[in-house]
Amino acid sequence: MAELLSKSKLERGIRFIQKHRLIFFIAAIIILKHVLLTGLPIFAHPGADHDDGMMVKMAETLLNGQWLGEYHELTLVKGVFFPLFLAVNALFGIPYSIAIPGFYTLACVIFIVGTKKLFKNEWPLYFIFAVLMLNPISFANETFTRVYRNSLIAGQVLIISGSLIAVYLNRFEKNGKLTFWAVLSGFGVASLWHSREDGIWIIPLVLTVILICWATFYFSKELRLKDKLTKGAIVGLPVMMLILSTVLIASINYAYYGIYTTNELNDSDYTKTIKLIYSVEATEAVHNVSVPRSSMEKIYDAVPSLNGISDEIDASMDRWSWYDQDVAVREVEDGWFFWSIREAVANSGYYRDAQTANNFYKQVNKELEEAFETGQLERRKTMPSALMSPWRDEYWEELPKAFLVTLHYVAGYEKLETSVLESIDDGRNGLRLFERVTNNLAQYPGEATKWNDQLRIDSLNVIQSFYQLVGVLVFLLAGLAYAMITFLLFNKKWRDQYNLLDFWLVLTGLLLSAFVLMVGVAYTEISAYVAISYWYLAGAYPLIAAFNVISLYKISELRLETKKEKSQH
């Protein structure tokens, strides 16, 4: 009797494990990942006032209830989400080495749950989750141990893409489920938008999903008009949430500083100043330099306000020219030019408050426009964003080449590495501030790496090496599979029988979104500064990884199904 009861319990246990095997698999991968990452020391660089140091100082002022602190030239130049993320984690005492992997883990779970309806069974979810969770972008130096906003990007992109796929797949389901996914995607979009100034690259995916859903609602014969309008409004929530978050942040900035904007690099009179300066026809062609010093001399002659601070501008350009690829040229590349102007205006005393700085830029803009109208300055076309360098004819040839280099860089996981990096002290207790805000120990200069940390680092680099070894080949095979699915899509029987349209739309969305980001980075590479680096491309890695797995799975499924059908006949 006892043996029968024991056997019955064992069978129930086996059935329970089989029923929940995906959950157990997910838990095992999560535990493995966090064992490898938890407690690793951060790389702290408090002296990086325009990057790492800025993020941590913003988080500190948020913790102190001072919003973003006193107004100066660096107050409203970068998104608030990452500092807010740091502040919330500091408030709850969550270490950075848990918070960042935890956020990415949550994003991976969201993605597989969001895409689950796409598949006939759960087997593809095992591969997708494992490939995403172990993706080297989630634990590389610049996107994990470094305390900077790029560490969130891969997770944010997974939340957005996974939620938007779920919105599309559940568009005819109950409104409660649809609302959940729409709100989640809205959070992802808003968080990415307010993390980086170049977050616009994800918007085509958002708008495309919304438009496709609206089109299917419009042509649906089963939905009543009221249901069409309700579902249409729900699907539009991501855009509404982005708008509301923008209004909220801009309103808080206005209350604190008297300027209604979320980010002065994207939307302010300063933005217009940079765009107008870029509009001045260059006097000479210099690689990655849209505004050579000879052009600045012409601008000084035509714009009294800038001429009045020309000494400060020249001195600032001297300092920023040291970041150029060719220091001997003594020009300022586009990636640093806008910083040099902002620094010069600050050194001239105009950043004592936002209104004074804004009034100065308004006057500069007025004088630049007058110079264009009178012919003192010749105007050229510029790109939509003030952060993008003006187009040159040679880019028609250079951009495709740079894109292919970027694509190979991402597909092959080039230059990704994990190590314990020594922090760079600023001599002002900056390392202590980083540790306090992140609840995580930093690696101090000259400090030896602990043996257990090195063992985990070596294990992570083994994973990275594997991805680097097979990355390009897997992407090529996935691309071939995608091409075959695209070809089969034109066969109505195959399209309907194997749900090819939904798969094709998902794959196309993932691939094109990654391509949009890669094109942007490639353009920056040829026009502004060295940009082909995994931290700027962090959002592309999970998209390509998901594309690879889903594409290869689907073509394998088609192969097995057709082989099975042939054997039955």
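User: Happy to start with a network: which residue is linked with Asp52 and Glu142 by salt bridges?

Analyst: Good place to begin, and do keep in mind that this is a predicted model. Side chains of opposite charge can pair when their charged atoms come close. Here Asp52 and Glu142 belong to a network of salt bridges, and the residue linked with them is Arg146.

User: Is Glu264 buried or exposed?

Analyst: Glu264 pairs with Arg342 in a salt bridge, with the closest N and O atoms 2.2 Å apart. The two lie 78 residues apart, Glu264 in the loop between helix H11 and helix H12, and Arg342 in helix H16. Like Arg342, Glu264 is buried.

User: What about Arg224, the partner of Asp227: is Arg224 buried or exposed?

Analyst: The closest N and O atoms of this salt bridge are 3.3 Å apart. Asp227 has 23% relative accessibility, so Asp227 counts as partly exposed. For Arg224 the relative accessible area is 55%, and because the cut-off is over 50%, Arg224 is exposed.

User: Which helix holds Glu369, the partner of Arg379?

Analyst: The side chains of Arg379 and Glu369 meet in a salt bridge at 2.7 Å, N to O. Arg379 sits in the loop between helix H17 and helix H18, ten residues from Glu369, which is in helix H17.

User: How many salt bridges does a search of the whole structure find?

Analyst: The pairs of Asp227 with Arg224 and Glu264 with Arg342 are examples. Searching the whole structure gives a total of 23.

Key:
Residues are numbered from 1 along each chain as its sequence is written. This is a predicted model: local features need pLDDT of at least 70, side-chain atom pairs count only at pLDDT 80 or more; totals for chains, interfaces and linings use all residues. Side-chain values use heavy atoms; hydrogens and water are left out. A salt bridge is a side-chain nitrogen of Lys or Arg within 4 Å of a carboxyl oxygen of Asp or Glu. Buried means under 20% relative accessible area, exposed over 50%, partly exposed in between (1.4 Å probe, protein chains only). Helices (H or I, at least four residues) and strands (E, at least two) are DSSP runs, numbered from the N terminus.
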